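Thanks for coming. I'll take this one region at a time, and please hold questions until the end.

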Amino acid sequence: LAVVKAGGAYVPIDPRYPTSRIAFMLEDAAPEVVLATVETAERVPAGNGLRLLVLDEEHTLQLLAQASAVDLTDADRVGPLDAGHPAYVIHTSGSTGVPKGVVVSRGAVEGFLGAVGQRVGLGVGDRLLAVTTVSFDIATLEVFLPLACGAGVVVASDAEVADPVALSGLVRRWRVSVMQATPTLWQAIASQAPEMLHALRVLAGGEALPGQLARLMTDLGSKVVNLYGPTECTIWSTTANLDPGDRGAPPLGRPLSNTSVHVLDGGLGLVPPGVVGELYVAGAGLARGYAGRAGLTAERFVACPFAEPGARMYRTGDLVRWDAQGRLEFVGRVDDQVKVRGFRIELGEVEAALASHPRVARAAVVVREDRPGDRRLTGYVVSTAGSRPVATELREFLTNALPEHMVPTAVVVLEHLPLTANGKLDRKALPAPDYTPAPGRAPATPTEQLLCGLFAQVLGLPNVPADADFFALGGHSLLAMRLMGRLRAEAGARLGMQALFHAPSPARLARLLDDGESSHDFDAVLAIRSEPDTPKLFCVHPASGIGWAYQALAGHAVGRFSLYALQARGLDVSREAAASIEEMADDYVTEMRSIQPSGPYHLLGWSFGGLVAHAMAARLEAMGERVDRLFLLDAYPIERQSTEPPWCPSRREVVEDLLRVARNQYAPVADDELWRPPPFETEVSEEHVDGIYRAYQTNLDMMTRHTPPVLKGDVIVVRAAIPESDARTGAPLDWRPYVEGDIRVVEIDCTHSEMLDTVAANEIGTVVAGYIGAREA
């Protein structure tokens with residue numbers, strides 16, 4: 001307060017920070033003077049030439065006693081006050097690990113206090129309990145807003161903030177009417193001192209507010225206000241007064257009077273209500289930028305096309321949407337998207353699903369890499385009072401709520417979530433899960449003994465019981481491939497990977513082997529995911545002839561549709577390959593009808609497979625069958641007059657492509673790393689390479705000779721938005737001569753070859769599930 005009244009800017013530093021961080025912040029800010037107490041002065045690095053003023057030293061106290069208590073004027077200051085001058089610099093974490101200083105102006109702070117004061121309704125007679133460390137920007141509200149509104153401030157000590165019962169005593173003793181805190185602290189209070197919440201105005205912000213917690217606080221008699229805003233936009237930008245009858249995630253609400261917000265797509269175009277976009281904040285509350293980092297400032301603070309020339313808006317990185325009431329809803333973080341085994345996952349979405357379990361009070365989800373190269377999604381929960389959910393129960397709950405690839409490999413139940421000094425979740429302090437299997441039945445047969453040993457080797461465990469579930473022990477699809485490879489090497493068994501999904505324990509897998517059942521990853525039909533009582537989606541292979549790539553869609557199939565891949569009969573060099581796309585289409589329709597005798601049918605094809613799927617749809621129409629959905633993934637008719645010879649890969653490229661497809665949705669690495677087949681040598685034989693090489697040659701030749709038939713129905717063209725320099729390209733309307741129905745276009749931000757091994761697979765899975773679900777409904 002004294003620094004601001006003097007016309008200066010302050011840089012708050014928590015003395016509990018590591019010495020190296022304190023040193024960096026002081027060097028980065030280059031302050032004129034460092035204010036400390038006798039207790040904290042020792043935390044100031046020595047020998048850096050900084051002026052240190054120790055406020056409770058005898059000499060300083062004497063000087064302060066001589067100072068006038070009259071308010072300062074511009075004549076007392078170095079220069080007159082200006083709204084554009086900085087008021088404070090808050091250091092926030094940077095994505096590179098280097099903190100960045102956010103410079104906030106006096107005018108932004110003053111405008112914020114006026115706007116939020118109107119929204120919160122703080123006034124004379126109110127008392128606000130301040131619990132936030134001053135190094136967190138939301139403490140600015142706690143210090144300045146009550147004073148600006150004529151209210152009082154009660155400051156809690158660190159020890160009191162750590163003790164909800166002590167906080168409850170402060171609220172009662174000082175008749176506190178308002179308190180601001182993070183949801184993490186509010187959860188602790190609701191669990192340990194619920195009486196404190198009666199008739200208290202709750203300001204919740206700093207992280208997403210769980211719906212269950214919001215409802216609990218309103219049920220306990222609190223008036224809850226959900227607050228949202230980045231540091232770069234001066235503390236809070238939107239507020240929502242929560243209704244006790246609200247269900248679901250609390251909305252972010254509407255912008256303050258000094259703020260405007262825009263929900264935009266990737267091209268900075270406004271998106272309609274209900275559609276997810278990135279949130280941009282504009283208005284008088286924007287910070288000046290990042291201290292000494294002009295490039296980063298220009299990247300995050302961009303020109304605002306919705307205001308006068310020169311106006312700026314801040315790119316928050318938050319994904320939101322407008323609801324039907326004109327309120328913002330939080331969806332997740334752009335940079336909270338993680339990639340696990342090739343799938344892009346919003347951690348916030350998984351956390352929300354986990355927190356929706358009736359016996360979960362708080363939830364967090366992270367990606368761990370406790371073994372090099374083995375990235376696993378891991379969930380952490382705090383149970384509601386009086387309950388103790390079991391991890392397996394929570395995973396089963398998530399299996400019914402999320403695509404398979406979004407279900408954490410492990411869920412850990414904790415007494416409490418670890419917090420940082422700012423009261424936010426300390427993700428780095430979350431413990432590693434224990435995958436040690438519970439005691440179980442010992443192997444009873446030689447086959448079970450073999451499989452228990454292979455399970456243990458692949459999972460990195462000392463032993464595995466015969467009835468243990470491969471996936472409950474931390475297994476995933478990449479490890480499943482390794483297990484099947486070692487099983488082939490050890491026992492000559494030719495079980496396909498999908499067998500493990502249906503029989504995930506050594507005992508059940510042993511029964512398949514002992515009964516003589518086997519499947520082949522190169523069979524004509526690959527059953528990737530079988531879901532009872534759901535529509536079936538048949539996917540036609542690309543030019544390689546193999547359909548493995550469609551495993552990337554399996555996570556979206558759970559509970560929605562069954563997923564099959566049609567593979568070229570020419571992969572088996574002993575069988576004659578189809579002579580034309582028409583012959584191939586007839587062949588695949590026969591295979592498909594052996595599984596699903598009648599329509600309606602759902603077809604999908606990527607690249608070359610799109611031409612075959614289109615021909616299959618036309619063939620089914622001619623037979624009087626109904627085709628509900630035909631998805632063409634960046635597939636276009638070929639200009640027959642082209643004299644350019646079709647591209648065909650070399651044998652080396654065939655193997656690289658096969659291995660890449662086999663693991664693309666798991667842990668992609670550089671191509672030169674892929675050309676080391678030892679972990680896969682039992683999965684790819686010379687015979688397979690010969691078959692795929694022949695399939696490429698045959699299919700690409702057929703493609704150049706093919707004239708598509710005319711389809712009466714509709715098609716959905718999923719187009720790769722990023723051109724690929726070495727690939728032929730087409731346009732969705734190239735299909736118009738061959739499609740009488742509607743041509744719907746969905747653009748995905750990827751190249752042609754990335755369609756099923758990047759974020760595209762996740763987006764395409766969402767599109768496919770949505771269209772099939774809409775038709776079924």
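Let me start with a pair of strands: β3 and β4 run antiparallel and are joined by six bridges. Keep in mind throughout that this is a predicted model. Within that pair, P86 stands opposite S105 of β4. On β4 there is also strand β14, residues 289–290, which runs antiparallel to β4 and is joined to it by two bridges. There the bridge partner of V102 is Y290 in β14.

How many of the six residues of strand β4 are buried? Six of the six, residues 100–105, so β4 is largely enclosed by the rest of the structure. As for side-chain direction, K100, V102 and V104 point one way, while G101, V103 and S105 point the other way, and all are buried.

Next, the open sheet. It has seven strands in the order β23-β25-β24-β26-β27-β28-β29, and the pairing is mixed. The edges are β23, residues 525–529, and β29; each has a single partner strand, so one side of each is left without a neighbour in the sheet. On average, neighbouring strands here are turned by 20° against each other, direction ignored.

As a reminder, strands of a sheet pair through backbone hydrogen bonds, either parallel or antiparallel. Inside this sheet, β24 (residues 536–540) and β26 (residues 601–606) pair in the parallel sense, over four bridges.

Helix α18, residues 581–595, lies across β23, β24, β25 and β26, and runs at about 155° to β24. Helix α19, residues 608–622, packs on the sheet and touches β24, β25, β26 and β27. The direction of α19 makes about 155° with that of β26.

Between α18 and β26 there is a loop, and P600 lies in it. The peptide bond joining G599 and P600 is cis, with omega at about 5°.

Now the salt bridges. The count comes to 17, and I'll show three of them.

The side chains of K5 and D71 form one, at 3.2 Å from N to O. That pair links distant parts of the chain: K5 is in helix α1 (residues 2–5), D71 is in the loop between α3 and β3, and they are 66 residues apart. Of the two partners, K5 is partly exposed at 39% relative accessible area, and D71 is exposed at 55%.

A second salt bridge joins the side chains of R744 and D714, at 3.8 Å from N to O. R744 lies in strand β29 (residues 743–748) and D714 in the loop between α22 and β28, so this pair ties together parts that are 30 residues apart in sequence. R744 counts as partly exposed at 30% relative accessibility, and D714 is partly exposed too, with 33%.

R321 is partly exposed, with a relative accessible area of 29%, and E329 counts as partly exposed at 26%.

Over to helix α5, residues 139–149, where we find L147. The buried residues of α5 are A139, T140, L141, E142, F144, L145 and P146. L147, by contrast, is partly exposed, at 49% relative accessible area. L147 also belongs to a nonpolar surface patch with L1, V153 and V155; together they have about 360 Å² of accessible area. Just after α5, G150 takes a positive phi of about 85°.

R175 has phi near 55° and sits in the loop between α7 and β7. T234 has a positive phi of about 65°, and its place is the loop between β9 and β10.

Are these two residues buried or exposed? R175 counts as exposed, at 71% relative accessibility. T234 counts as buried, at 1%, and the cut-off for buried is under 20%.

To recap the main stops: strand β4 has six of its six residues buried, the open sheet has seven strands with mixed pairing, and there are 17 salt bridges. That's what I have.

Conventions:
Residues numbered from 1 in each chain as written. Predicted model: local features only at pLDDT ≥ 70, side-chain atom pairs only at ≥ 80, totals over all residues. Heavy atoms only, no water. Patch = residues over 30% accessible without salt bridge, like charges linked within 9 Å, V, L, I, M, F, W, Y side chains within 5 Å. Areas by Shrake-Rupley, 256 points an atom, 1.4 Å probe, with all protein chains shown as cover. Salt bridge = Lys/Arg side-chain N within 4 Å of Asp/Glu carboxyl O. Buried < 20%, exposed > 50% of the residue type's maximum accessible area, 1.4 Å probe, protein only. Pairing = 2+ DSSP bridges. Axes fitted to C-alpha atoms, helices over the stretch in contact; angles between N-to-C directions. Contact = heavy atoms within 4.5 Å.
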